[in-house]
Amino acid sequence: MTDERCPHRDDAAAWALRALDAHEADAFRLHLESCTDCRAEVAELTEVVAHLGSGVEPVAPPPALKARIMAEVDREAALLAAAGPEADRPTVPARRARRDRRARWSWLPRPALVGALGAALLAVGVVAGTQLGGGGDDGGTRPAAQAALRTLPATVTGAATARVELTADRSATFDLRGLAAPPRGQVYQVWLQRPDGSVRPSHTLFTVPSDGATRVRVAEPVAGVKALLVTNEPSGGSRQPTGDVAITAPL
Amino acid sequence: MEWLRSLADEDLMQLMRGGDAAAFEVVYDRHATAAFSLAYRMVGTRNAAEDVVQEAFLSLWRSGARYDRTRGSVRTWVLGIVHNRAIDALRRATVHDKRRASDEGLEERFEAPERTDVEVARRSEAREVREALGVLPDEQRRVIELAYFSGYTHTEIAELLALPVGTIKGRMRLALQKLRVELGSSLEASR
């Protein structure tokens, strides 16, 4: 690529390093949709950036960290097993996965196992916050359909802040800052409010890290949705909102 | 569990998409040290690094379907998630300040116990990355370290170094292009 090709070329490196300021990142994300040169440059440089983390001197994580993570993963795996075909997971390896899960949970007395699965009030998949390219969890550029087209403010309780990014493929991602953790034993659940004011549950459940900041991609498309609501609900989610509304995001 | 450990990362990711927690556990075991090392290097305290790694691996578990093997190895994908989460942590809190004031020293930096063939290969890759960084001119390496490992934006780096923003951006680009050449074989191997 030559200097004449695109004046934003130098932004590609800063983007790949996540070193653009927020407003510049938003602008460059839009620019990427129409600039093949910069997309190519970003793809090349992102590959390099992805390797930089491999050069760090090794430090072993504490065993307790694994225990905490596996406790959450096992809990969600059980919910997914209870969800069966409703879950947001491909079904190809499901039979083998279920066999493995049975083995993992086989130490539980049968009532306890049933009770644990029974706690899944809804057949839900659990979807996490996701990041965007050049700041994205996938470590690369996002397809144009996934680039944020609009960013909307949301009303949130307390001192927290929230906004919703909408993409061309009608998906929505919450960008949350300072959100308090849900009450003990509960999770946050996203609801889709129809134009008539009624709501339907989404498959999107989430918690927040200790500092209250995370990104959460809503599993369902939001075409025709009037607003997104977030409430705290029992672990496993609810069919109807039962908790307080923590976030209201008009679309 | 043993048969799972014989599978490639990409096959484990496929199982994870089916909700297989045991497959996730194997992926965690393989990459947790690299992930924690990067997080610790970036945020500088054990507690903050644990938060970053926990958030990153739960994200991996929940969004594994988004992994695309044509865009790199599972390891680089994991590290990409960790990097993004660590930057988020650095920018939304005062972790920068905590890191500067941290009294956590070398006693925190104990070596990971793994010495498998795979780990040896990873250490070789780590050495290649460090050597590639070492080839960069000082001014370019400094910019990469401030951006990638410390999470500073280009405008913050410009202020820190008292240089024009354009100069910082240019150094970033030159540095990454040079690293791309230096890491050529490693990049090729990961595709």
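1. A:Leu229 sits in strand β7 (residues 227-234) of chain A. Strands here are DSSP runs of E with at least two residues, helices are runs of H or I with at least four, and both are numbered from the N terminus. The model is predicted: local features need pLDDT of at least 70, side-chain atom pairs count only at pLDDT 80 or more, and totals for chains, interfaces and linings use all residues. Residues are numbered from 1 along each chain as its sequence is written, chains are lettered from A and ligands numbered from 1 in the order in which they are written, and side-chain values use heavy atoms, with hydrogens and water left out.

2. A:Leu229 is buried, at a relative accessible area of 13%. Buried means under 20% relative accessible area, exposed over 50%, and partly exposed in between (1.4 Å probe, protein chains only). Beyond its neighbours within four places in sequence, A:Leu229 is in contact with A:Gln189, A:Val190, A:Trp191, A:Gln193, A:Val199, A:Ile247 and A:Thr248. Contact means heavy atoms within 4.5 Å. From A:Leu229 to A:Val245 the C-alpha to C-alpha distance is 6.7 Å, across 16 residues of sequence.

3. A:Arg215 belongs to strand β6 (residues 214-217) of chain A. This arginine also counts as buried, with 6% relative accessibility. A:Arg177 lies 38 residues from A:Arg215 in sequence and 8.8 Å from it in space, C-alpha to C-alpha.

4. Chain A holds six helices and eight strands. Their order from the N terminus is α-α-α-α-α-α-β-β-β-β-β-β-β-β. Of its 251 residues, 53% are buried. Take the contacts in chain A between residues at least 6 apart in sequence: 60% join residues at least 24 apart. Its accessible surface is about 10700 Å², with 56% from carbon and sulfur atoms. Accessible areas come from the Shrake-Rupley method with a 1.4 Å probe; for residues, only the protein chains shown count as cover.

5. Chain B has 11 helices and zero strands. Of its 191 residues, 57% count as buried. Among its contacts between residues at least 6 apart in sequence, 63% join residues at least 24 apart. The accessible surface of chain B is about 8000 Å², and carbon and sulfur atoms supply 50% of it.

6. The largest nonpolar core has 89 residues. Such a core is a set of buried Ala, Val, Leu, Ile, Met, Phe, Trp, Tyr and Cys residues joined through side-chain atoms within 4.5 Å. Those with the most contacts inside it include A:Leu17, B:Phe57 and B:Leu176. Helix α3 (residues 21-43) of chain B gives the largest share of this core, 16 residues. Apart from this core lies another, of 25 residues, among them A:Ala154, A:Phe174, A:Tyr188 and A:Ala246.

7. What does B:Phe57 contact, leaving aside its neighbours within four places in sequence? The partners are A:Ile69, B:Phe24, B:Val27, B:Tyr28, B:His31, B:Ala32, B:Ala35 and B:Val78.

8. Helix α3 (residues 36-52) of chain A packs on helix α10 (residues 165-182) of chain B at about 75°, with the axes 9 Å apart. Axes are lines fitted to C-alpha atoms, for helices over the stretch in contact, and angles run from 0 to 180 degrees between N-to-C directions. The two helices are therefore roughly perpendicular (65 to 115 degrees; under 35 is roughly parallel, over 145 roughly antiparallel, the rest oblique). The α3(A) side includes A:Glu41, A:Leu45 and A:Leu52; the α10(B) side includes B:Arg173, B:Leu176 and B:Arg180. The residues of this contact divide into six nonpolar, one polar and four charged. Asp, Glu, Lys and Arg count as charged, Ala, Val, Leu, Ile, Met, Phe, Trp, Tyr, Cys and Pro as nonpolar, and the others, Gly among them, as polar.
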